[in-house]
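Student: Could we go through this model together, one question at a time, with the cut-offs spelled out as we go?

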Amino acid sequence: MTSLIVVASLAAGGCVGDPFTSADGAATQDGAPPDSYVAPDLSDLGSSSGDVGRCTEVIDLVFVLDVSSSMSFVLDTLEQEIDRVVSAANKLKPDAHFGLVAFVDNHRVDSTGAESGGVVHVAAPTLQAAFRNYKNVYTAHNRNPGDGPNGPDTQNPICEENALDAIYAAAEEFPWRQHATRIIIVATDDTFLERPDNYGDRDGDGKTDKLDFPREGDYPAKRTLGETVALLKKQQVRVFSFTHLAPPGLFDLGRCGTGRRLPWSAVSAGWSTTYNGAAPIPDQSGGKNFDLKQVQGNLISLTSTINGVVLDSHCKPIL
Ligand SMILES: [Ca+2]
Ligand SMILES: [Ca+2]
Ligand SMILES: [Ca+2]
């Protein structure tokens with residue numbers, strides 16, 4: 001009886017782009033239009049295949065956010081509008097789960113949610129409090145999330161930010177559910193480095209001992225692009241990113257003011273252009289990149305775009 005209720009509610013709720021059909025395809029074979037379909041045969045309900053073309057997936061969505069000093073506008077926008085994302089996902093399918101990994105040169109898997117030891121958020125208020133906290137404690141002080149709230153401040157000597165290890169952590173540590181549409185949303189305004197480089201090694205001399213501004217620190221890159229993409233594929237997680245398509249102008253207020261390891265032309269590498277010959281992460285994982293500058297200039301809505309990709313991804317196998 002429980003199964004009947006579930007199936008009936010799915011038929012009623014529907015799923016965009018995924019019309020309901022019977023398990024054996026009878027509704028289409030006999031030429032009857034889908035809306036003439038009354039009730040599933042009880043024998044269908046006993047099927048354990050779990051995949052009969054019906055839209056049954058819940059939503060698992062993890063934010064992987066650059067919380068370095070120029071990124072506070074994303075945290076502000078998400079704090080104000082996250083309830084739109086939470087309600088849209090739950091409208092597609094009840095019981096949406098959300099996660100958050102904050103990063104600069106290292107990362108922190110947020111654990112202030114309501115479930116799974118705090119790693120899973122299920123409602124807007126805990127996410128809003130988390131966005132506020134990262135902005136006030138980390139963004140405002142150039143503090144690395146992985147160092148905790150009492151970690152050293154003024155600690156970001158080169159422009160590249162460690163999205164790669166943060167994405168890897170999200171893919172590895174978030175409790176992705178079995179029948180879930182799995183999505184990572186990244187927002188960052190720069191590219192990343194790979195192992196064995198070190199984000200804290202300002203001058204690239206292999207040591208992290210310079211104390212003058214911007215102070216060096218030991219922030220080794222732990223993963224490579226290839227390792228990260230392999231894990232995303234294994235976990236069937238799509239990455240959608242909001243990043244710069246081109247270097248910011250010389251007088252752009254958000255332009256990173258420290259030195260950098262890779263040339264400014266590489267700011268889009270890994271997101272919308274190749275990284276050392278490899279295709280961008282969104283392309284390789286079945287996701288897509290969007291222009292962060294359009295978000296910043298209010299030309300596109302961050303939360304409407306997120307809702308769009310969740311809708312487009314829902315119940316679609318990654319090709
Ligand atoms: Ca930055
Ligand atoms: Ca950095
Ligand atoms: Ca050094």
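Student: How many of the 11 residues of helix α6 are buried?
Tutor: This is a predicted model, in which local features need pLDDT of at least 70 and side-chain atom pairs count only at pLDDT 80 or more, while totals for chains, interfaces and linings use all residues. Residues are numbered from 1 along each chain as its sequence is written, and chains are lettered from A and ligands numbered from 1 in the order in which they are written. A residue is buried if 20 or more other C-beta atoms, placed from the backbone, lie within 10 Å of its own, exposed if 12 or fewer, and partly exposed in between; helices (H or I, at least four residues) and strands (E, at least two) are DSSP runs numbered from the N terminus. Helix α6, residues 163-173, is largely enclosed by the rest of the structure, because its buried residues number 9 of the 11.

Student: What covers the buried residues of α6?
Tutor: Those buried residues include L164, I167 and Y168. Their cover includes β1, β2 (97-103), β3 (107-109), β4, α7 and β5.

Student: Which residues is I167 in contact with, leaving aside its neighbours within four places in sequence?
Tutor: I167 is among the residues with the most contacts inside the largest nonpolar core, which has 69 residues; such a core is a set of buried Ala, Val, Leu, Ile, Met, Phe, Trp, Tyr and Cys residues joined through C-beta atoms within 7 Å. A contact likewise requires C-beta atoms, placed from the backbone, to lie within 7 Å. With those neighbours left aside, the contacts of I167 are V64, I184, V186, T228 and V239.

Student: Why is strand β4 largely enclosed by the rest of the structure?
Tutor: Both faces of β4 are covered, with A180, R182, I184 and V186 buried on one side and T181, I183, I185 and A187 buried on the other. Strand β4 (residues 180-187) is therefore largely enclosed, the buried count being 8 of the 8 residues.

Student: In β4, which residue is the bridge partner of V62?
Tutor: Two strands pair if DSSP finds at least two bridges between them, and strand β1 (residues 58-66) pairs with β4 in the parallel sense over 8 bridges. Within β4, the bridge partner of V62 is I184.

Student: Is D197 buried, exposed or partly exposed?
Tutor: D197 lies in the loop between β4 and α7, and, with residues up to four places away in sequence not counted, D197 touches A221 and R261. Because 17 other C-beta atoms lie within 10 Å, D197 is partly exposed.

How values were computed
Contact = placed C-beta atoms within 7 Å.
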